[in-house]
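These are my notebook entries on a single protein chain.

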Amino acid sequence: MSSQKFSTNALHAGHDVKATAGTRAVPIYQTTSYVFDNTDHAANLFSLTEPGYIYTRLNNPTNDILEQRLATLEGGVGAAVFASGAAAISTALLTLLKSGDHIVSSNSLYGGTYNLLNVTLPRTGITTTFVDPSGSQNFKNAIKENTKAIFVESLGNPKLDVLDLEAISAVAKAAKIPLIVDNTVATPYLLNPIKYGANIVIHSLTKYIGGQGNSLGGVVIDAGTFDWTNGNFPEFTEPSAGYHGLIYSEVLGAIAYIAKIRIEGLRDYGGALSPFSAFQIIQGLETLAIRMEKHSKNALEIAEWLGNQDQVAWVNYPGLKSSKYYNTAKKYLPKGQSGVVTFGVKGGFDGAKKVVNGVEIFSLLANIGDTKSLIIHPASTTHQQLNEEQQKETGVSQDLIRLSVGIEDVEDLKQDLKNALKEV
Ligand SMILES: *Cc1c(COP(=O)(O)O)cnc(C)c1O
C-alpha cells in the first residue's frame, strides 16, 4: 500500500517509469497478445506459476497501471478494469453468485443496475430484494438463507441519498456476506467505502474518473478483507471446474476474488477495456482531485442559488442544510458532495421540460461527471420505462430535473439557468 497522498497517487501509482522505457506519460500497449519465450514459459503463464501477459482480454500493461492506480486510491489489494461500468457490475456479481443465490440491494440505484437486478439476473436464477437504504435494519430484515451479497450505491443516483456504510457493513459482516458498493458518484477522492467496511468497490470510469466524457469504462476493486472460507462460498474453497481444479482461497488468499474475476470473469464474459480507453481514463484520473473540488464547489453554489429562485419548488443536494442527508454527508463526504444536483420546478412535468429545453450551456444528455455541465429530465427519458411506483422508489418525480454541474464559471451557469427558468 502506498504511503503517499491521494493527489500524488492519482498521478504516479502503478507506473514504473523505468520498466516502460522511461515514458513520463503512461504508454498505450495497443496489442491483443504477447509473445511467449517458449512452450514452457507459455505453460507457466497459463498455470499461473509465473506472472506475465497472455492476451489483452485477461491483462494488458496499460490497463494494469490503471488497475493498480485505482486499487491504491480506494485502498484495495487489487482491481480489474472493464469496458463499462455495467460490465464491471454484471461480471462482479456473476463471479460471486450462481443460480439460486439472492442479493439484498438498496432501491436507490442507477437505472441500468436496477434493471440488471430486477429483470435480467432473475432469468439466470439470481434474485434480488430491494430495500429502502435509509435504515440498516431494512437490509438485515431482508436477508435470507441464500443471500450472498448486499449491494448499494454510496451516493445514490439520482436520489442523492448518502448511505450509512458503517451500519450497513456491520449487517453484512454479521451475515458473513460481502458488501458491494458502487462508488461512482462519490469517487475515491470524496469517499473510500473500504474504510467503512465495504468488501468490494465498483466504479463506472465513464463518469468522474475519466471525467471528460470521451471513454466508457468500469472497475471492480477488491478490499481483500472478506473471508471466503466462512462456509458460504464453496466456489472459492473447492477445486474450480472453471480453472483446472484451482482452489482460489488456498492459492490466492486475500486476492482470491479479484483473481477469479480476471481468470474466469474476464475470460468468459469478455468485457475487457480497450488499452486506448484506459489511456484516456488515466489522463482524466490525473486531475480527479482538483476536478472534484471544483465540481463540488460549483454544485453547492448552484444548489444554494436555485433555492432562492421563485420558480423552483425544491432543491436536493446533500451539502445543503435542508437535505435529509446533510449529517451523513458531513461524516462520509466532508471534502465535498460531488456535482449532481436535483431540483423541481413549480410547473411540474411540463415546467421541467421547458427548463431543460431552455438552457444553452448545459447539454441535454444521459450522463454525469463530465467537465461540462449536463442536464436531464429523468421522468421523460432515463426513467420513462418505470411505472409510477418504481419511479418513486428510485427517487424520480415528474418535475425532477437532474444537473451534473461542470467546472465552468459558476456565474455563467447561474445565468444560463436563470434564462431557462423564465420559461416556467
Ligand atoms: C453510469 C453508471 C453506471 C453504469 O456505468 P457505464 O459506464 O455507463 O456502463 C453504474 N452505476 C452508476 C452509479 C452510474 O452512474
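**Entry 1: Asn-192**

I began with Asn-192, which counts as buried because its relative accessibility is 16% and the cut-off for buried is under 20%. I note at the outset that the model is predicted. I located Asn-192 in the loop between helix H8 (187–190) and E6. Setting aside residues up to four places away in sequence, I found that Asn-192 touches Leu-73 and Glu-74. I also looked up a distance: Asn-192 and Leu-121 are 71 residues apart along the chain, and 28 Å separate their C-alpha atoms.

**Entry 2: Lys-207**

Next I turned to Lys-207, in the loop between E6 and strand E7 (218–222). Is Lys-207 buried or exposed? I recorded a relative accessible area of 10%, so Lys-207 is buried. Not counting residues up to four places away in sequence, Lys-207 touches Tyr-110, Thr-184, Asn-367, Ile-368 and Gly-369. Between Lys-207 and Thr-342 I noted 135 residues in sequence and 17 Å in space, C-alpha to C-alpha.

**Entry 3: Helix H7**

I then went through helix H7 (residues 165–174) and listed its buried residues: Leu-165, Ile-168, Ser-169, Val-171 and Ala-172. Why do they lie on the same side of H7? I found that they cover an arc of only 150 degrees around the axis, which places them on the same side of the helix. For background I wrote down that an α-helix has 3.6 residues a turn, so residues three or four places apart point the same way. On the other side of H7, I found Lys-173 and Ala-174 exposed.

What do the buried residues of H7 pack against? I listed helix H6 (136–142), strand E4 (147–153), strand E5 (179–182) and helix H14 (326–332). Just after H7, I noted that Lys-176 takes a positive phi of about 60 degrees.

**Entry 4**

Strand E2 (residues 102–106) pairs with E4 in the parallel sense over 4 bridges. Within this pairing I looked up His-102, whose bridge partner in E4 is Thr-147.

E4 is also joined to E5 by 4 bridges, and these two strands run parallel. Which residue of E5 is the bridge partner of Phe-151? I identified Ile-180. I followed the chain from E4 through H7 to E5 and recorded this β-α-β crossover as right-handed.

In a regular strand, I reminded myself, the side chains alternate between the two faces of the sheet. In E5 both faces are covered: Leu-179 and Val-181 are buried on one side, and Ile-180 and Asp-182 are buried on the other. I then followed E5 to strand E6 (residues 200–204), with which it pairs in the parallel sense over 3 bridges. Here Val-181 stands opposite Val-201 in E6.

**Entry 4: Nonpolar cores**

I looked up the largest nonpolar core, which has 56 residues. Which of its residues touch the most other members? I wrote down Leu-66, Leu-70, Ile-150 and Val-152. Helix H3 (residues 61–74) supplies the largest share of this core, 5 residues. Domain 1 (6–284) and domain 2 (289–421) both give residues to this core, so it lies between them.

I checked the contacts of Leu-66, leaving aside neighbours within four places in sequence. Leu-66 is in contact with Val-81, Leu-205, Leu-273, Ala-278, Ile-281, Ile-282 and Leu-285.

Lastly I considered the chain as divided into domain 1 (6–284) and domain 2 (289–421). How many Å separate the centres of the two domains? I recorded 29 Å, taken over C-alpha atoms. I noted that the contact takes 32 residues from domain 1 and 37 residues from domain 2.

Notes. Residues numbered from 1 in each chain as written. Predicted model: local features only at pLDDT ≥ 70, side-chain atom pairs only at ≥ 80, totals over all residues. Heavy atoms only, no water. Buried < 20%, exposed > 50% of the residue type's maximum accessible area, 1.4 Å probe, protein only. Arc of directions from axis to C-beta. Contact = heavy atoms within 4.5 Å. Pairing = 2+ DSSP bridges. Right-handed = clockwise from strand over helix to strand, strands pointing away. Core = buried A, V, L, I, M, F, W, Y, C linked by side-chain atoms within 4.5 Å. Domains from an automatic or database assignment.
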